[in-house]
Amino acid sequence: MNHLLRPLAPISDSGWELLDSEAKQRLTPALAARRLVDFSGPHGWEHSATNLGRAEALVTSPQGDVGASRRQVLPLVELRADFTVAAQDLRDRDRGATDVDLGSLDEAAHRIAVAENVAVFHGWEEAQIAGIAGASAHEPRPLGDDTDGYPRAVAGAVELLLGGGVGGPYGMALGREPYRRVVETAEHGGHLLLDHLRKILGGPIVWTPGLDGAVVLSMRGGDFVYDCGQDMSIGYARHDTEAVYLYIEASFSFLVASPDAGVALTV
Amino acid sequence: MGFDQYHEPPHELPDETRTFARMCASLTEEAEAIGWYEQRLAVEGDGDAAAIMRDAQGEEFKHFSMDLEFLLRRKPLWREIARGILFQTGDIVEHGEASEARATGGGEQDEAGPADERSGSLGIGGDAGSVR
């Protein structure tokens, strides 16, 4: 048994299968950042820090004429989103019920996915995570509200990256509202705006809940690293006669190695 | 001379498949030799003999690694899955599930399923996301 304490939960194999399947279905489309950046791991719950390959000099030393320095690392952060499942629903599931209420789990999955996306794209100061948009060496550029201007804005971002010597392919994370606009829009001649933008980028366009606007970034590799400790997992906290209290948990760090490899587009 | 490495009539197999089968057999033999030397070393009391065996086992490590690299170069999917498992720290089973899901990029691995029994991980890895 590991720290998730799953064997202690009053949940049958069938119940766990339901919860894990539902969580995976909800998390997979929402965890957008992982689709666009380098993914390292999972390295396990014990993985605590990302190697930065740097050291800082220490002023003092245990012995005269001996230099000293300390390695610098980026600590992993833990995200945890709590949810509950009614004990009656779990019993019904074991009887074969297919309409179990998993609303609390669904909300938790969305919350933790949004948290991860926000950390990667907008940053998280206390966690020492510089987001792609926040760390970008380029000034944010307007995406605008009018989809007619989207191809020009995206092409401009790609050209900016190219001009800086940052090769492709390029991908784009799109916040919910601009994503909706893109998928519902056909340009003159009936061509889907989505296809047009994809051709400009040469890479994927990813629905990214939690992101304001859009981010165009290089996917050549080595520029952005998501260092995964424990991948998304469901753990057990406690239970009473009415409900089982669970959580979704993950640990990770995020490193921007090339601030000039991403461009933020604002709405 | 035996032809045990062939599971199908050799004359019906293309050349590259016969070569692949030979290298799989070689890989197996190298792994067996590594295991045999490990056992011999565990019981050998003569230091000189043990040193020679240790040196010989090192040769088998090399042979096994070369065989494996050859096979991985011939099977890109195998190579891709191995890339996520070999030389990593952390939970091997978790790496295996995530690497397989990443390498296959769909099909069964994209289906929602139960978490890994040991780690509890949902095995989402780096292939998450709604991509258009």
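**Labels and their cut-offs**

Student: Why is Arg34(A) called buried?
Tutor: Arg34(A) has a relative accessible area of 1%. Buried means under 20% relative accessible area, exposed over 50%, and partly exposed in between (1.4 Å probe, protein chains only). Arg34(A), at 1%, therefore counts as buried.

Student: What kind of model is this, and how are residues and chains labelled?
Tutor: This is a predicted model in which local features need pLDDT of at least 70 and side-chain atom pairs count only at pLDDT 80 or more, while totals for chains, interfaces and linings use all residues. Residues are numbered from 1 along each chain as its sequence is written, chains are lettered from A and ligands numbered from 1 in the order in which they are written, and side-chain values use heavy atoms, with hydrogens and water left out.

Student: What makes Asp231(A) and Arg34(A) a salt bridge?
Tutor: A salt bridge is a side-chain nitrogen of Lys or Arg within 4 Å of a carboxyl oxygen of Asp or Glu. In the pair Asp231(A) and Arg34(A), the closest N and O atoms are 2.8 Å apart, and the label follows from the rule. Side chains of opposite charge can pair when their charged atoms come close.

Student: Where do Asp231(A) and Arg34(A) lie in the chain?
Tutor: Asp231(A) is in the loop between β9 (224-228) and β10 of chain A, and Arg34(A) is in helix α2 of chain A, 197 residues apart. Helices (H or I, at least four residues) and strands (E, at least two) are DSSP runs, numbered from the N terminus. Asp231(A) has 0% relative accessibility, so Asp231(A) counts as buried.

Student: How do you know that Asp106(A) and Arg26(A) tie together separate parts of the sequence?
Tutor: Their side chains meet in a salt bridge at 3.1 Å, N to O. Asp106(A) lies in helix α4 of chain A and Arg26(A) in helix α1 of chain A, so the pair ties together parts that are 80 residues apart in sequence.

Student: Is Asp106(A) buried or exposed, and what is Arg26(A) called?
Tutor: Asp106(A) has a relative accessible area of 16%, so Asp106(A) is buried. Arg26(A) has 42% relative accessibility and therefore counts as partly exposed.

Student: What joins Arg180(A) and Glu184(A) to other residues?
Tutor: Arg180(A) forms a salt bridge with Glu184(A), the closest N and O atoms being 2.8 Å apart. Salt bridges that share partners join Asp145(A), Glu177(A), Arg180(A), Arg181(A) and Glu184(A) into one network. Arg180(A) has 38% relative accessibility, so Arg180(A) is partly exposed, whereas Glu184(A), with 53%, is exposed.

Student: How many salt bridges are there over all chains, and how many across the interface of chain A and chain B?
Tutor: The rule gives 19 salt bridges over all chains. Across the interface of chain A and chain B it finds 0.

Student: What is there between chain A and chain B?
Tutor: The contact (heavy atoms within 4.5 Å) takes 31 residues from chain A and 29 residues from chain B. There are 6 residue pairs in polar contact between the two chains, both residues at pLDDT 80 or more. A polar contact is a pair of N or O atoms within 3.5 Å; within protein, one must be able to donate a hydrogen and the other to accept it, and residues adjacent in sequence count only if both atoms are side-chain atoms.

Student: Which element gives the most to the side of chain A that touches chain B?
Tutor: That is α1(A), with 9 residues.

Student: How many disulfides does the structure hold?
Tutor: A disulfide is a pair of cysteine sulfur atoms within 2.5 Å. The structure holds 0 disulfides over all chains.

Student: How do you know that Gln57(B) is buried?
Tutor: Gln57(B) has 5% relative accessibility, so Gln57(B) counts as buried. Gln57(B) sits in helix α2 (residues 47-74) of chain B. Leaving aside neighbours within four places in sequence, Gln57(B) is in contact with Ile34(B), Tyr37(B), Glu38(B) and Leu41(B).

Student: Why is Phe87(B) called exposed?
Tutor: Phe87(B) has 86% relative accessibility, so Phe87(B) counts as exposed. Phe87(B) lies in the loop between α3 (76-83) and α4 (92-104) of chain B.
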